[in-house]
Amino acid sequence: AEDPLVHSWASYYLSGQVILTLLTLSTAYIPWWPMPLLRFALLGLLILYWITMGIRRRGEWQVAGSALGILGFMAALLVVFPSVFIVTQYVPLYEWDARSNWFFHGKSLFLDGGIHEAFFTNPFTEWSHHDYPLLIPAQSAWSALFLGEWNDYTNKAFLLFNFAAYFHLFFKALSGRGYPWWLAGVIAVLTFDQESYSYVSGYADNHYTIALLLALLLMALPGRAARIPMIVVLFAFAANAKNEGLVYGMIIGVLLAVVACLAWLKNRGAVTGGFAARRKMVAWTLLVAVLPVVLWQVFRLSHGIRNDLDLGDRLTDAALMAHLWHERWRMVAGFIGDFYLTQGGFILLTLAFLLWLWRILLLSRDPQPWLGTQGHERLAWTVWAASQAFVFGVYIATPRDIVFHLSTSATRLQFFPYMMLWLLCLYSADSLLTGILRERAE
């Protein structure tokens with residue numbers, strides 16, 4: 001049977017964004033760019049996709065049902081989040097990162113017909129962060145290609161579809177767990193109500209955060225071997241969305257690699273389970289997912305495009321780091337503490353701890369349910385701690401004015417650790433309730 005999470009319009013859509021990014025990056029090495037007529041080909045592919053989605057095993061054609069189902073979901077989402085549509089279509093690109101980084105790069109891709117060395121090595125536009133990954137710029141460029149022109153309003157429409165795809169996958173994951181639709185809907189709404197504006201305003205932080213959150217959530221589902229390709233795609237999506245997404249993805253990847261090595265040693269080198277049967281598929285997915293990152297890093301390094309922070313030399317200077325630590329740690333800790341106080345982070349941290357403690361005290365044994373198993377909780381706690389340490393270290397070592405840097409970016413950079421606490425609360429609550437119900441049934 002087809003997995004409703006893997007074989008869904010949202011999964012195909014996000015996978016398509018990674019492929020479009022790969023095609024865009026290929027223009028740095030192969031001089032090509034699709035003709036404007038491509039928009040008709042894309043429309044044809046969309047219609048073909050609806051037809052494919054409408055085919056059932058008994059050969060029934062339900063094309064209209066598939067299309068109307070997607071449109072109905074979008075309509076319901078806009079009723080719950082009307083501001084998402086308003087911001088996407090009626091609010092101009094006035095946020096600095098959106099206007100001067102992501103969409104500025106996207107406009108260059110559209111007008112120049114792909115990646116051109118002249119733009120990304122121009123010293124007069126270094127303020128736009130030439131080193132930033134190209135997933136969102138590529139999406140905006142292909143949107144303009146499809147529409148036939150560059151428009152700061154209509155070219156943001158893909159952000160609305162991104163938001164809908166994230167919400168759909170999250171809702172489906174909870175529904176697949178067995179949650180009633182209303183409970184899954186309430187949890188999803190509460191989850192995406194956290195900084196919903198930033199999903200569609202042109203910032204990239206929410207996009208890599210929710211992609212990694214979904215990847216961790218899918219890993220906690222039963223039968224996750226069948227979803228490994230989708231999990232890899234979500235990691236690739238995050239890594240190509242922003243540099244921080246690559247760092248956070250590497251943190252999770254290293255932790256998973258350690259767990260996999262320990263399991264491999266425990267099983268004496270045997271590869272078991274669903275993963276063994278899908279090694280070829282996983283290998284191809286990894287290739288497609290890693291290739292965009294490699295292509296972009298090779299282009300950057302070969303053209304001397306460096307990150308403006310360039311923390312490597314500073315982090316290896318022990319005397320400098322000791323001085324910066326002594327000078328800045330109180331300010332950075334105070335800013336992060338204020339963030340948790342004002343955004344409810346301390347409430348989430350306390351709630352996650354209390355739910356864990358409650359489970360330990362009430363349950364006679366670990367219930368090992370779908371969410372909240374000891375392994376997943378330990379992983380989530382470790383990822384939260386490591387990501388929070390990364391944020392702390394960035395602002396300790398930054399070469400910029402510390403007050404300016406904290407005030408302009410720290411709140412957005414804190415979004416990933418904050419949402420990890422949200423995921424921990426979901427893990428712990430599900431684990432506790434599942435254990436209580438199971439013990440009562442016994």
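1. Let me start with helix α11 (residues 205-219) and helix α12 (residues 228-239): their axes come within 8 Å and cross at roughly 160°. An angle over 145 degrees counts as roughly antiparallel, so α11 is roughly antiparallel to α12. The crossing of α11 past α12 is left-handed. On the α11 side, the residues that meet α12 are His207, Tyr208, Ala211, Leu212, Leu214, Ala215, Leu218 and Met219. Their partners in α12 are Met230, Ile231, Leu234, Phe235, Phe237 and Ala238. Please keep in mind, here and below, that this is a predicted model.

2. Helix α1 (residues 9-26) packs against helix α8 (residues 157-177) at an angle of about 130°, and their axes are 9 Å apart. That angle makes α1 oblique to α8. This crossing is left-handed. From α1, the contact is made by Trp9, Ala10, Ser11, Tyr13 and Leu14. From α8, Phe158, Phe161, Asn162, Ala164, Ala165, Tyr166, His168 and Leu169 take part.

3. Now for the chain as a whole. Its secondary structure consists of 21 helices and zero strands. There are 442 residues, and 49% of them count as buried. Taking contacts between residues at least 6 apart in sequence, 78% join residues at least 24 apart. The accessible surface is about 21300 Å², with 69% of it belonging to carbon and sulfur atoms.

4. Which residues touch the most other members of the largest nonpolar core? They are Leu14, Phe120, Phe170, Phe192 and Tyr395, in a core of 121 residues. Leu14 also belongs to the α1 side of the contact with α8. Tyr395, leaving aside neighbours within four places in sequence, is in contact with Arg328, Val332, Ile402, His405, Leu406, Ser409, Ala410 and Leu413.

5. His129 deserves a check of its backbone. This residue lies in the loop between α6 (117-120) and α7 (135-147). Phi of His129 is near 60°, a positive value in a residue other than glycine. For context, most residues other than glycine have a negative phi. Is His129 buried or exposed? With a relative accessible area of 12%, His129 falls under the 20% limit and so counts as buried. Beyond its neighbours within four places in sequence, His129 is in contact with Asn101, His105, Asp308 and Arg400.

6. Glu195 also has a positive phi, again near 60°. Its place is the loop between α9 (181-192) and α10 (196-200). The relative accessible area of Glu195 is 36%, so this residue is partly exposed, whereas His129 is buried. I would be glad to look at these two loop residues together with you.

7. Last, a glycine. Gly114 sits in the loop between α5 (96-112) and α6. Its relative accessible area is 0%, which means that Gly114 is buried. Gly114 and Pro34 lie 80 residues apart in sequence, yet their C-alpha atoms are 9.4 Å apart in space. Apart from neighbours within four places in sequence, Gly114 is in contact with Thr27, Trp33, Ser108 and Leu109.

Terms used: Residues numbered from 1 in each chain as written. Predicted model: local features only at pLDDT ≥ 70, side-chain atom pairs only at ≥ 80, totals over all residues. Heavy atoms only, no water. Helix = DSSP H or I, 4+ residues; strand = E, 2+ residues; numbered from the N terminus. Buried < 20%, exposed > 50% of the residue type's maximum accessible area, 1.4 Å probe, protein only. Contact = heavy atoms within 4.5 Å. Areas by Shrake-Rupley, 256 points an atom, 1.4 Å probe, with all protein chains shown as cover. Core = buried A, V, L, I, M, F, W, Y, C linked by side-chain atoms within 4.5 Å. Axes fitted to C-alpha atoms, helices over the stretch in contact; angles between N-to-C directions. Parallel < 35°, antiparallel > 145°, perpendicular 65-115°, else oblique. Left-handed = near helix turned anticlockwise from the far one by under 90°.
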